[in-house]
Each structure stands twice: as C-alpha cells, then as structure tokens.
Amino acid sequence: AAAGPERRRALLRLADVEETLGNRDAARSVLQQIVAQFDGETAGEAAYRLGRMLSAAGQDEAAVEWQLTAAYVADGSPWARRALLEAGGAFTKYLVK
C-alpha cells in the first residue's frame with residue numbers, strides 16, 4: 001500500500017482527474033474517501049472541494065455541511081478560512097431559494 005503522503009497525493013490527483021473529465025460523482029466519492037481517511041489540512045481541502053462542487057450543482061444545504069466540516073477538521077488553516085467564507089455564500093444562496 002502507498003505511504004500516507006503518497007496515498008494522499010494520489011487520491012487528490014485522482015479527484016482532480018475525475019472532476020476534469022466531468023465525472024463529478026466519482027470525484028465526490030474520492031473526496032469523501034479522503035475526508036474519511038485523513039485529517040487536518042488534507043481532510044479540510046477535500047471537504048472544501050466537496051462543498052464547492054455541491055454548491056456549483058445547486059446543492060447548497062449539502063455544500064454548507066461540507067464547508068463546515070472543512071472548517072472543523074482543518075481548524076486554523078487556510079482551508080478552514082476559505083470554507084467559512086464559502087459556507088456563508090452557500091447558506092445565503094440556500095436561504096434565497
């Protein structure tokens with residue numbers, strides 16, 4: 001099995017490839033796997049990206065949940081700060097519906 005950092009990089013790259021190819025369900029699945037298997041900034045980045053994808057798909061309630069997850073697991077990191085800003089935007093979109 002790949003070591004921690006190598007596995008982390010490989011999974012993030014796989015999520016990038018799937019998203020670029022338009023395989024959003026597969027990309028979301030990989031990102032969810034990352035959140036489940038890692039912590040800190042790695043999990044925060046994955047949760048942040050999940051939230052962005054869901055917001056872009058109009059799933060604002062789920063997007064807020066993932067952004068708040070990112071803020072929690074990566075507390076104090078740049079991912080946490082970005083996630084809180086994104087959560088505010090997605091929550092606002094959700095309320096306006």
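Trainee: Where do we start?
Mentor: One caution before anything else: this is a predicted model. With that said, let's begin with helix 4 and helix 5. Helix 4 passes helix 5 in a left-handed crossing.

Trainee: At what angle do the axes of helix 4 and helix 5 cross, and how close do they come?
Mentor: The crossing angle is roughly 160 degrees, and the axes come within 8 Å. Here helix 4 covers residues 60–73 and helix 5 covers residues 78–96. Angles over 145 degrees count as roughly antiparallel, so helix 4 is roughly antiparallel to helix 5.

Trainee: Which residues meet there?
Mentor: From helix 4 you have D60, E61, A63, V64, Q67, L68, A70 and A71. They meet A80, A83, L84, E86, A87, A90, F91, K93 and Y94 of helix 5. Sorted by class, the contact of helix 4 with helix 5 has twelve nonpolar residues, one polar and four charged.

Trainee: What about helix 3 against helix 5? Are they roughly parallel or antiparallel?
Mentor: Their angle is about 20 degrees, and the axes are 10 Å apart. Helix 3 and helix 5 are therefore roughly parallel to each other. This crossing, helix 3 passing helix 5, is left-handed.

Trainee: And which residues make that contact?
Mentor: On the helix 3 side, E41, G44, E45, Y48, R52 and S55 take part. On the helix 5 side, the residues are P78, W79, R82, A83, E86, A90 and K93. The contact of helix 3 with helix 5 splits into five nonpolar, two polar and six charged residues.

Trainee: I'm curious about rings. How many aromatic pairs does the count come to?
Mentor: The count comes to one aromatic pair. Its partners are Y48 and W79, with 5.2 Å from centre to centre and 55 degrees between the planes. That geometry is classed as tilted.

Trainee: Are Y48 and W79 buried or exposed?
Mentor: Y48 is buried, because its relative accessibility is 12%, under the 20% cut-off. W79 is buried as well, with a relative accessible area of 16%.

Trainee: Switching topic: how do helix 2 and helix 3 pack?
Mentor: They pack at an angle of about 150 degrees, with axes 8 Å apart. That makes helix 2 roughly antiparallel to helix 3. Helix 2 passes helix 3 in a left-handed crossing.

Trainee: Who meets whom in that contact?
Mentor: Helix 2 brings R24, A27, R28, L31, Q32, I34 and V35. Helix 3 brings T42, A43, A46, A47, R49, L50, M53 and L54. By class, the contact of helix 2 with helix 3 has ten nonpolar, two polar and three charged residues.

Trainee: You mentioned R49. Is R49 buried or exposed?
Mentor: R49 counts as buried, at 12% relative accessibility. Not counting residues up to four places away in sequence, R49 touches L12, A15, D16, E19 and L31.

Trainee: And T42?
Mentor: T42 is in helix 3 too, and at 14% relative accessibility T42 counts as buried. Leaving aside neighbours within four places in sequence, T42 is in contact with R8 and I34.

Trainee: Last one: which loop holds N23?
Mentor: N23 lies in the loop between helix 1 (4–20) and helix 2 (24–37). At 34% relative accessibility, N23 counts as partly exposed. From N23 to V73 the C-alpha distance is 26 Å, and the two are 50 residues apart in sequence.

Technical notes: Residues numbered from 1 in each chain as written. Predicted model: local features only at pLDDT ≥ 70, side-chain atom pairs only at ≥ 80, totals over all residues. Heavy atoms only, no water. Axes fitted to C-alpha atoms, helices over the stretch in contact; angles between N-to-C directions. Helix = DSSP H or I, 4+ residues; strand = E, 2+ residues; numbered from the N terminus. Parallel < 35°, antiparallel > 145°, perpendicular 65-115°, else oblique. Left-handed = near helix turned anticlockwise from the far one by under 90°. Contact = heavy atoms within 4.5 Å. Nonpolar A, V, L, I, M, F, W, Y, C, P; charged D, E, K, R; others polar. Phe/Tyr/Trp six-rings, centres within 6.5 Å; stacked < 30°, edge-to-face > 60°. Buried < 20%, exposed > 50% of the residue type's maximum accessible area, 1.4 Å probe, protein only.
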